[in-house]
Amino acid sequence: MTDKSWNVAVLPGDGIGPEVMTEALKVLDAVGVKFGTRFNYTHANVGGAGIDNDGKALPQTTVDTCKAADAILFGSVGGPKWESLPPDEQPERGALLPLRKIFGLFCNLRPAVVFPALTGSSSLKESVIEGGFNILVVRELTGGIYFSEPKGVDEKDGVRRGYDTMLYTEPEIERITRVAFDVARKRGKKVCSIDKANVLSTSVLWREVVARVAKDYPDVELSHMYVDNAAMQLVRWPKQFDVMLCGNMFGDIISDEAAMLTGSLGMLPSASLAEGSFGMYEPSGGSAPDIAGQGIANPIAQILSAAMMLRYSFNMQDAADAVEKAVEEVLNQGYRTGDIHQGTDRETKVNTVQMGDAILKALGTIEDTLMKVGFVGWRGMVGSVLMQRMQEENDFAALEPVFFSTSQAGGKAPFDAGTLQDASDIDALKELDAVVTCQGGDYTNEVHPKLRQSGWDGYWIDAASSLRMDPNAVIILDPVNRPVIDKALNDGYRDFIGGNCTVSLMLMALGGLFRAGAVEWVSAMTYQAASGAGAPNMRELLTQMGVLKDSVADLLADPGSAILDIDRKVTAALRGDEFPVAEFGYPLAGSVLPWIDREVEDGQSREEWKGFAETNKILGAEQPVPIDGVCVRIGAMRCHAQGLTVKLKRDIPIADVEQMISTDNEWVKLIPNTKADTLAGLTPAAVSGSLDIPVGRVRKMKMGPEYLSAFTCGDQLLWGAAEPLRRMLRILLDG
């Protein structure tokens, strides 16, 4: 046991990097609980994320973060998005090579392990690798042909030529050799030095120095092998190797070959070490952009990289052993992500989060790490969408759910989560770490104060508006106001409330302009769907449409009927006493309702008042931005739309405006201002059921160069309601 605290620079990077990094940090947190250690994480951008957010693959702020840390936990970088950049500015070359140079990461340790349970995943015959194998490639990382000078491309006597220099000094060779022998002493006590001494002068020196250093390690067996033979022997009989000592180029090739023999790069970690205890730890695979965001990546390489960090930088050998044994146990139990799944009856196919949780369970700490979360109002419209999204993102694997009901307590809970609890039972609610409610304002007003008065200090996450403007509550929309949320968590806030749907959708669309401080004021003309009023209202809208159709069915069936006759009968039906208006109070089908909610002041409706009040609270604005407009109910089902007039603080070129909008978050989609693109992609019909937030009709207006027009729409039940709740809960779960 130790009370040591370690500072870790966390660089998730691109593609699947953030997904697998989340699982590695969960495992490290569990290790901290199990072994009495605390890990302090500081996240920083690197690779493509650095380019997008800070203008370069390795921002200075990231370098500073790494310098202040005890070790770097690195994800993956790169992807097609940045391949058009000059080579030196691309994520791989612009981040990894400078990190190695800045921190003197001269030694790369790259295990190639086939666990006995995964021999069927290898490209080799099972007879060759029966029982598995465990090879460690020790690669010199900062010398040799990759770094030596001179190098370049020039022209001589009219002929272009390219040249690189392979150079090693005796101290460089000795330094990496001692690392190889030191680690071999803790393994199988065998080192095979890989060179090309029959051809290369650098390899002649390499072999001489390795042989001299070996005399200081009489307990370790040394052999030498030419690199071409070593490549062949790896395929023929990999179990003959323990530690393979290589120069930079040979190690690059050999380690990749050895890695592929294991069946999946998703299984293999690596460590890049400086002199002393500092190191950078990363998976051997890439960013896998083809599967990024799908939640199916294998997190084991990232988790085992964290185990290597425990071993080599923090000297926590027992903790590293525990993580590695937990991985092996999970594999023995048959858990497989898609990359290692063979489809046998003994296997259970899992996703990224489930694999991480299985490893936590094998560590014996999952009970300590799961939050106990209660769900109220999960059957309703917003609640149902929330449940669907949580299933799609596999959120339930990271928590212990308890389901409550206002009317059916004692019944069967969904997802095999036991029995439904009474949503009014304060004692039952007090047992929870968090409550997520979509039950509505009446429930919040009744239960929330009682629960707080009972001494409950858990997190309340609510879709209703009741607590939005409470000074002790935070309106949540993390792609827009994550710093506000993080500060509130640090300050001890416990009430986190979903915002007004149109406000949330507007901020998702124009967040880049607000973030840049470019907005002087906004006039928002909102066109709200029936879903904003509730499920019964959606049903009534469809019923109204049916009544109108039925009222003119005979005329519609007659191609010769006059359209004005049809119009007169529709108007009569709309005004008739029998027209169904119990929910809306007025006809919506074939009409619009230019007033939503009650009057508050100065002729505003409460829905219009929220535009100013909630926007500025979400943004945490010191200088409030004036926002006003007219809110209108239209006959759409579940997507709100908004016509926006924005007064900019200065004349910003339209290309810069479009850049600010389109790069602010991953969901906003800029629609070209053409008729075809607009009608195809900027309508409720196009976006319903999607997390996309299209923004179009972006142009400068005739009033002056500071006036901007825009139109946006989005699914009211997703970003307008359920998704901010789900993501807030995920923030709490991920720590």
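**Cysteines and surface patches**

In this predicted model, Cys-438 is buried, with a relative accessible area of 17%, a value that falls under the 20% limit for buried residues. The structure as a whole holds zero disulfides, and Cys-438 is accordingly in none, the nearest cysteine sulfur being that of Cys-501, 14 Å away. Because a disulfide requires two cysteine sulfur atoms within 2.5 Å, that distance of 14 Å leaves Cys-438 without such a bond. Cys-713 is likewise in no disulfide, and the nearest cysteine sulfur to it, which belongs to Cys-639, is 6.1 Å away. Cys-713 is also a buried residue, with a relative accessible area of 1%.

A nonpolar surface patch of about 230 Å² is made by Leu-97, Tyr-146 and Phe-147. Of these residues, Tyr-146 sits in the loop that runs between strand E5 (133-140) and strand E6 (152-156), and with a relative accessible area of 35% Tyr-146 is partly exposed.

Another patch is defined by charge: Asp-422, Asp-425, Asp-427 and Glu-431 together form a negative surface patch. Within this group, Glu-431 is found in the loop between helix H15 (426-429) and strand E18 (434-437), where its relative accessible area of 55% makes Glu-431 an exposed residue, since exposed means over 50%.

Technical notes:
Residues are numbered from 1 along each chain as its sequence is written. This is a predicted model: local features need pLDDT of at least 70, side-chain atom pairs count only at pLDDT 80 or more; totals for chains, interfaces and linings use all residues. Side-chain values use heavy atoms; hydrogens and water are left out. Buried means under 20% relative accessible area, exposed over 50%, partly exposed in between (1.4 Å probe, protein chains only). Patches are made of residues with over 30% relative accessible area and no salt bridge: like charges are joined within 9 Å, nonpolar side chains (Val, Leu, Ile, Met, Phe, Trp, Tyr) within 5 Å. Accessible areas come from the Shrake-Rupley method with a 1.4 Å probe; for residues, only the protein chains shown count as cover. A salt bridge is a side-chain nitrogen of Lys or Arg within 4 Å of a carboxyl oxygen of Asp or Glu. Helices (H or I, at least four residues) and strands (E, at least two) are DSSP runs, numbered from the N terminus. Lys and Arg count as positive and Asp and Glu as negative; His and the chain ends are not counted. The place of a charge is taken as NZ of Lys, CZ of Arg, CG of Asp or CD of Glu.
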